[in-house]
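Please read the notes below with the structure open beside them. Each point can be checked by finding the residues it names.

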Amino acid sequence: MAPKNLSFKIILGSSSMARRKILADMGYEFTVMGADIDEKSIRKDNAEELVVALAEAKAEAIMSRLKTTDHLEENTHSTLLITADTVVVYEGIIREKPSSKEEARQFIKSYSGGQATVVGSVVVTNLTKGIRKGAWERSEVYFHDIPDEIIDSLIEEGIILNVAGGLMLEHPLTLPFVDTLIGTADSVMGLPRSLTEKLIEETL
């Protein structure tokens, strides 16, 4: 099947496997560039502002790298850079990636029988036209009680140390303990599909 973006190029500014999978499932062909930014240096009081600011900072970091490598050859096709960020809000506190196994355990234990809000942003920058559009989406996840041995296995495996709030909805160990999801799974996984489509259209 031909990719959806024959008339434009996409750079995904994220090394997240979940984001890669979602974008590929949407039918797009893309290249991947990681954004190496100090996320802790960007602080905002509310989660919505924070995730948009972080996605914009990732875009800026990648754009400055592209300028130095002169990656943007002059052509008629637009090149879109997609960046995103996700945080978890628990009882009003913003949670980013756990800083240790202990913190990850504390995070997951708190979700057991409880609820967490996931706030995710998408920023699409048309590098050819110099247009940028960004937006955010929030979802709520309600959990059943999560047994300690499941939490132990998640911590031991270590993948959740790389995700916001240690919350990995799509993980086979976590999924059975999700009670209700208000919002979309792709949004919780780091790239809201319909929002991404909308921003791609707007920047083109």
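Predicted model: local features only at pLDDT ≥ 70, side-chain atom pairs only at ≥ 80, totals over all residues.

1. Start with Thr83, which is found in strand β3, residues 78-90. Its relative accessibility is 1%. Buried means under 20%, so Thr83 counts as buried.

2. What surrounds Thr83? Leaving aside residues up to four places away in sequence, Thr83 touches Gly13, Ala55, Lys58, Ala59, Ile62, Ser121, Val122 and Val123.

3. With a relative accessibility of 8%, Thr79 counts as buried. Find Leu204 as well: Thr79 and Leu204 are 125 residues apart in sequence, but their C-alpha atoms are 9.2 Å apart in space.

4. Move on to Glu91, in the loop between β3 and β4, the latter being residues 93-95. Is Glu91 buried or exposed? The cut-off for exposed is over 50%, and Glu91, at 67% relative accessibility, therefore counts as exposed.

5. Phi of Glu91 is near 50 degrees, a positive value in a residue other than glycine. Most residues other than glycine have a negative phi.

6. Next comes helix α3, residues 101-111. Which residues of α3 are buried? They are Ala104, Phe107, Ile108, Ser110 and Tyr111. These residues lie on the same side of α3, because the arc they cover around the axis is only 160 degrees. The cover over the buried residues of α3 includes β3, β4, β5 (115-126), β6 (131-143) and α4.

7. Helix α3 packs against helix α4, residues 148-157, at an angle of about 145 degrees, and their axes are 10 Å apart. The crossing of α3 with α4 is right-handed. On the α3 side, the contact is made by Lys101, Ala104, Arg105, Ile108 and Lys109. On the α4 side, Asp148, Ile151, Asp152, Leu154, Ile155 and Glu156 take part. Sorted by class, the contact has five nonpolar residues, six charged residues and no polar ones.

8. Finally, look just past the helix. Gly113 follows α3, and its phi is positive, near 70 degrees.

Note on methods:
Residues numbered from 1 in each chain as written. Heavy atoms only, no water. Helix = DSSP H or I, 4+ residues; strand = E, 2+ residues; numbered from the N terminus. Buried < 20%, exposed > 50% of the residue type's maximum accessible area, 1.4 Å probe, protein only. Contact = heavy atoms within 4.5 Å. Axes fitted to C-alpha atoms, helices over the stretch in contact; angles between N-to-C directions. Left-handed = near helix turned anticlockwise from the far one by under 90°. Nonpolar A, V, L, I, M, F, W, Y, C, P; charged D, E, K, R; others polar. Arc of directions from axis to C-beta.
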